[in-house]
Amino acid sequence: MSAIDRNINLDSLYRQVIMDHYKNPRHRGHMDEDSDITVNMNNPTCGDRIQLQLKVEDGIVTDVMFDGDGCSISMSSASMMCQAIKGLEVEKALKLAEIFSKMMQGEEYDDTDIDLGDIEALAGVAKFPARIKCATLCWKAMEKGLSNQPS
């Protein structure tokens, strides 16, 4: 198999992962109990909007839910983010947001101590500057919500 064929197969796999999270979002909905943190954000340039709810206990994200409307990139990114940060220490969740931001900007990043999992499928978004805001909306909401939490 040539390098071009491997890249085409990898791109196809990444598209499938993104569409799976879009069609079958994880952690979508509202918390039954009151959340510690609720953040509402929108991207007025494309109409994406998100409500992120977080429950933090002893410096750990114990639960996270999102709801909103938007394109496949913004909604799948929210699903992937929620899946990735549940159970993480606040400090690690914020570090993951920093890594994701660097990935979206096409910058080098060190992910040796954090497993990106499905999030890696969004790396290709960096090639499309107009879509970066879509992918980062939920991450900005998470950073805003967790930035004042004790780690």
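Visitor: Which residue stands opposite isoleucine 50 in E3?
Guide: Isoleucine 50 is opposite glycine 68. This is a predicted model, where local features need pLDDT of at least 70, side-chain atom pairs count only at pLDDT 80 or more, and totals for chains, interfaces and linings use all residues. Residues are numbered from 1 along each chain as its sequence is written, and side-chain values use heavy atoms, with hydrogens and water left out.

Visitor: How many bridges join E2 to E3?
Guide: Nine bridges link strand E2 (residues 48–57) and strand E3 (residues 60–69), and the two run antiparallel. Strands pair if DSSP finds at least two bridges between them; strands (E, at least two residues) and helices (H or I, at least four) are DSSP runs, numbered from the N terminus.

Visitor: What sits in the turn of that hairpin?
Guide: Two residues lie between E2 and E3, and aspartate 58 in the turn has a positive phi of about 55 degrees.

Visitor: Switching to the core, which residues have the most contacts inside the largest nonpolar one?
Guide: Leu52, Ile85, Trp139, Met142 and Leu146, in a core of 42 residues. A nonpolar core is a set of buried Ala, Val, Leu, Ile, Met, Phe, Trp, Tyr and Cys residues joined through side-chain atoms within 4.5 Å, and buried means under 20% relative accessible area with a 1.4 Å probe, protein chains only.

Visitor: Which element gives the most to this core?
Guide: H4, with nine residues.

Visitor: And what does isoleucine 85 touch?
Guide: Leaving out residues up to four places away in sequence, isoleucine 85 touches Leu54, Val61, Val64, Ala93, Leu96 and Met142. Contact here is heavy atoms within 4.5 Å.

Visitor: Now pockets: how much space lies in the largest one?
Guide: About 400 Å³. On a 1 Å grid over the protein atoms alone, a pocket is an open set of points with protein on both sides within 12 Å along at least five of seven lines, a cavity is a set where a 1.4 Å probe fits but cannot get out, and lining residues have an atom within 4 Å of a point. Volume is the space filled by probe spheres set on the points, which are joined across faces, edges and corners.

Visitor: Which residues lie nearest the pocket's centre?
Guide: Arg15, Ile18, Gly124, Val125 and Phe128, out of 14 lining residues. H1 (3–23) gives the most to that lining, with five residues.

Visitor: What lines the largest cavity?
Guide: Ala97, Phe100, Ser101, Thr136, Trp139, Lys140 and Glu143. The cavity holds about 40 Å³ of space, and H4 gives the most to its lining, with four residues.

Methods:
Buried < 20%, exposed > 50% of the residue type's maximum accessible area, 1.4 Å probe, protein only.
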